[in-house]
Amino acid sequence: MSDSWKISLPCNREEAEMLSEDNLFLASHDATPTMVVREGETGAPNEWILEIFCEAEPDTELLLAVQQLSPSALNHGHSPEVTRVPEADWLTISQAGLPPLRAGRFYIHGSHVAASTEAGVRNFHIDASQAFGTGHHETTLGCIRLLDAMRRRGTTFRNVIDVGTGSGLLALAAAHLWPSARVTASDLDQIAVDVAGGNITGNGFRRGSLPGQISLLTANGVDHPVIRRRTPYDLIIANILAGPLTMLAPHIASVAAPGSTLILAGLLCHQLAGVAAAYSRAGYRLNEVLLENEWPCLRLVKRRNRAAPQRLHGRKSPLADDYFGEC
């Protein structure tokens with residue numbers, strides 16, 4: 001095995017999630033580099049690291065292109081750091097910092113870690129990749145814990161959609177928890193859809209449109225004829241960013257059944273009020289917030305009538321006071 005090279009550069013979370021859409025420049029090189037994003041060492045919610053592995057020593061053109069992927073690093077005077085990786089499997093190295101994760105009944109691990117043999121545990125093999133969602137970020141972890149808690153309370157669902165599925169992990173969790181449900185997973189990014197497809201089949205699930213199977217679609221939010229045809233959904237999961245979540249509120253509400261459950265994540269504490277207000281206007285009430293560090297995960301319920309929504313525009317809202325207090 002020959003030497004390889006690693007390029008490292010700080011980035012923020014928004015940049016990390018956009019990178020799979022912005023890396024087309026990599027294909028212009030003879031040996032296409034591979035990109036990995038991970039959380040920074042400090043654990044701060046907006047500190048991430050971009051790592052690019054390539055077979056040949058990176059030239060000036062590649063380094064300049066990499067630097068453009070992280071405007072925040074450029075603004076703070078950070079330059080790409082180049083490290084030689086001698087005779088090593090760089091993929092294993094890149095994943096060595098991702099320990100296995102236990103979330104509810106789930107054990108999530110990469111190829112470098114053995115599956116759990118504990119009784120009652122469902123193993124998910126999810127390797128780090130260009131698609132967001134290995135379970136190690138608080139947003140994904142919060143969603144998994146909320147889903148598991150609902151199943152333990154006896155809640156049942158028959159028609160589920162995971163909007164912005166990334167690695168497909170949340171769709172997998174829903175399919176395991178409610179094995180007779182029809183599960184749809186969608187993402188705007190074709191790379192994420194491809195990664196999710198591999199994770200679905202690699203973890204023993206079948207792709208398809210029947211109950212107990214997972215359909216995988218390339219779609220912008222819920223804008224897809226198949227998604228519309230399968231409405232209404234009784235469980236919707238969306239782990240993306242606060243801005244897209246806010247814009248999607250009326251669209252998500254339009255495919256949701258009255259009384260249905262909505263799980264939202266990808267926002268920080270200071271964004272909770274704005275996101276909750278958007279969904280209150282769209283016909284939802286906020287029922288629960290699970291806080292993972294600075295990342296709240298929201299459980300909302302679609303109102304069954306068209307009564308005027310409660311105001312959620314500030315911290316004086318009676319409904320949201322307890323949740324804002326947690327943040």
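User: How are helix α9 and helix α10 oriented to each other, roughly parallel or roughly perpendicular?

Analyst: This is a predicted model, where local features need pLDDT of at least 70, side-chain atom pairs count only at pLDDT 80 or more, and totals for chains, interfaces and linings use all residues. Residues are numbered from 1 along each chain as its sequence is written, and side-chain values use heavy atoms, with hydrogens and water left out. The axes of α9 (residues 242-254) and α10 (residues 272-281) come within 8 Å and cross at roughly 10 degrees; axes are lines fitted to C-alpha atoms, for helices over the stretch in contact, with angles from 0 to 180 degrees between N-to-C directions. Angles under 35 degrees count as roughly parallel, over 145 as roughly antiparallel, 65 to 115 as roughly perpendicular and the rest as oblique, so α9 and α10 are roughly parallel.

User: Which residues of α10 meet α9?

Analyst: Contact means heavy atoms within 4.5 Å. The residues of this contact divide into 8 nonpolar, 1 polar and no charged. From α9 come Ala 242, Leu 245, Thr 246, Leu 248, Ala 249 and Ile 252, and they meet Val 275, Ala 278 and Tyr 279 in α10.

User: How many of the residues of α10 are buried?

Analyst: Buried means under 20% relative accessible area, exposed over 50%, partly exposed in between (1.4 Å probe, protein chains only). Among the buried residues of α10 are Leu 272, Val 275 and Tyr 279. The helix is mostly covered, and the count is 8 of its 10 residues.

User: Thr 184 lies in strand β9; what is its relative accessible area?

Analyst: Strand β9 spans residues 182-187; strands are DSSP runs (E, at least two residues), helices likewise (H or I, at least four), numbered from the N terminus. Leaving aside neighbours within four places in sequence, Thr 184 is in contact with residues including Val 160, Asp 162, Leu 217 and Tyr 233. Thr 184 is buried, with a relative accessible area of 0%.

User: Is Leu 290 buried or partly exposed?

Analyst: Leu 290 sits in strand β13 (residues 284-292). Not counting residues up to four places away in sequence, Leu 290 touches Gly 142, Arg 145, Leu 146, Trp 295, Pro 296 and Cys 297. At 24% relative accessibility, Leu 290 is partly exposed.

User: How far apart in space are Leu 290 and Arg 145?

Analyst: In sequence, Leu 290 and Arg 145 are 145 residues apart. From C-alpha to C-alpha, the distance is 8.6 Å.

Definitions and conventions:
Ala, Val, Leu, Ile, Met, Phe, Trp, Tyr, Cys and Pro count as nonpolar, Asp, Glu, Lys and Arg as charged, and the others, Gly among them, as polar.
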